[in-house]
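Reader: Can you walk me through this one? I'd like the contacts and the strand layout, quickly.

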Amino acid sequence: MPITRSLLSTVRSGGRRAAGRLVHRGWRWMQRTGAVTNRNPGPYRFGELGDGTTLAFPLGAVFNEQWITIGPFSIIGERVTISAGFLPGLDLGPEPIVRIGGGCVIGRDSHIVGHQSIVIGDDVWTGPGVYVSDQAHEYRDTELPIGKQWPRNEPVEIGTGSWIGTGAVIMPGARIGRNVVVAAGAVVRGEVPDHSVVAGAPAKVVRRWTEEEGWQPPLRHEPPRPVPDGVTAEQLRALVGWDLRLPGEQG
């Protein structure tokens, strides 16, 4: 019986679907297997890699990781570059160069490039594509290509509980306080006070909270209402509309 075009098209379509399922299944396996943790470090030997921390696969450029420490229960997204020093294989001394705290989330395609000192506190979250560096090239010689001029290092600190928006750039010498919001696309240098919101290039404080005055300028929306006392877990699940149990939790 001759094979009709319709039958041939059906067979080819089914083959493509089967191949697609295999490719995605294989990719998920690679993501699980290639993820870096302290129990599955792969080729990496971090100065510290806390329990529950995962570097998602595929990783970005990671080198001189002996001078990089990451606290517990942090998530490093796909294709995140974390490097210490200018080139792989350097001896950078006795102290870590890049310190990332516990409970942090670093968005995919971000870059953390340390040469002297980058300290990121606990519970710092970033959007994708954030760039953090403690080094920039000088521009004193107008005849020499800028990339060949001697670099300048200034330590960087990002305070505990801060949120760094998508595409933000944290420049050498930036010292960001606690619970600070850095708006998407902001370019930050210098001191940023605690409990503030900064935006722009260069970034400026656009809102700040103090104990004496609260938020200035005032927030434009009502604060969320707290969960009433005595609400059970079952009532909260019904109110929110999805299952809030941890994986493996019964009941």
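This is a predicted model: local features need pLDDT of at least 70, side-chain atom pairs count only at pLDDT 80 or more; totals for chains, interfaces and linings use all residues.

Reader: Sheet first. What is the strand order in the open sheet of six strands?

Author: The order is β3-β6-β9-β12-β17-β20. The pairing is parallel.

Reader: Which strands sit at the edges?

Author: β3 (62–63) and β20 (187–188). Each of them pairs on one side only.

Reader: How many bridges join β12 to β17?

Author: Two. β12 covers residues 131–133 and β17 covers residues 169–170. The two strands run parallel.

Reader: And what is the bridge partner of Y131 in β17?

Author: V169 is the partner of Y131.

Reader: What holds paired strands together in general?

Author: Strands of a sheet pair through backbone hydrogen bonds, parallel or antiparallel.

Reader: OK, on to H115. Where does it lie?

Author: H115 is in the loop between β9 (111–114) and β10 (118–120).

Reader: Is H115 buried or exposed?

Author: Buried, because its relative accessibility is 17% and the cut-off for buried is under 20%.

Reader: Which side chain makes a polar contact with the side chain of H115?

Author: That of Q135, at 3.4 Å.

Reader: What else is H115 in contact with, leaving aside neighbours within four places in sequence?

Author: Besides Q135, the contacts of H115 are G85, F86, I97, S133, D134 and N153.

Reader: Switching to charges. How many salt bridges does the count come to?

Author: Eight.

Reader: Which residues are linked in a network of salt bridges?

Author: E138, R140, R152 and E154.

Reader: Where do R152 and E138 lie, and what does the pair tie together?

Author: R152 is in strand β14 (residues 151–153), and E138 is in the loop between β13 (135–137) and β14, so the pair ties together parts 14 residues apart in sequence.

Reader: What about E95, which residue does it meet in a salt bridge?

Author: R99. Their side chains meet at 3.8 Å, N to O. E95 is partly exposed at 49% relative accessibility. R99 is also partly exposed, at 28%.

Reader: Why does E95 count as partly exposed and not exposed?

Author: Because its 49% does not reach the exposed class, which needs over 50%.

Reader: Now the tryptophans. Which residues form a nonpolar patch on the surface?

Author: W27, W29 and M30. Together they have about 330 Å² of accessible area.

Reader: Which helix holds W29?

Author: W29 lies in helix α1, residues 5–34.

Reader: And W215, where is that?

Author: W215 is in strand β24, residues 214–216. W215 is partly exposed, with a relative accessible area of 30%.

Reader: What does W215 touch, not counting residues up to four places away in sequence?

Author: H195, V197, R207, R208 and W209.

Reader: Last one. How far apart are W215 and R17 in space?

Author: 54 Å, C-alpha to C-alpha. In sequence, W215 and R17 are 198 residues apart.

Conventions: Residues are numbered from 1 along each chain as its sequence is written. Side-chain values use heavy atoms; hydrogens and water are left out. Patches are made of residues with over 30% relative accessible area and no salt bridge: like charges are joined within 9 Å, nonpolar side chains (Val, Leu, Ile, Met, Phe, Trp, Tyr) within 5 Å. Accessible areas come from the Shrake-Rupley method with a 1.4 Å probe; for residues, only the protein chains shown count as cover. A salt bridge is a side-chain nitrogen of Lys or Arg within 4 Å of a carboxyl oxygen of Asp or Glu. Helices (H or I, at least four residues) and strands (E, at least two) are DSSP runs, numbered from the N terminus. Two strands pair if DSSP finds at least two bridges between them. Buried means under 20% relative accessible area, exposed over 50%, partly exposed in between (1.4 Å probe, protein chains only). A polar contact is a pair of N or O atoms within 3.5 Å; within protein, one must be able to donate a hydrogen and the other to accept it, and residues adjacent in sequence count only if both atoms are side-chain atoms. Contact means heavy atoms within 4.5 Å.
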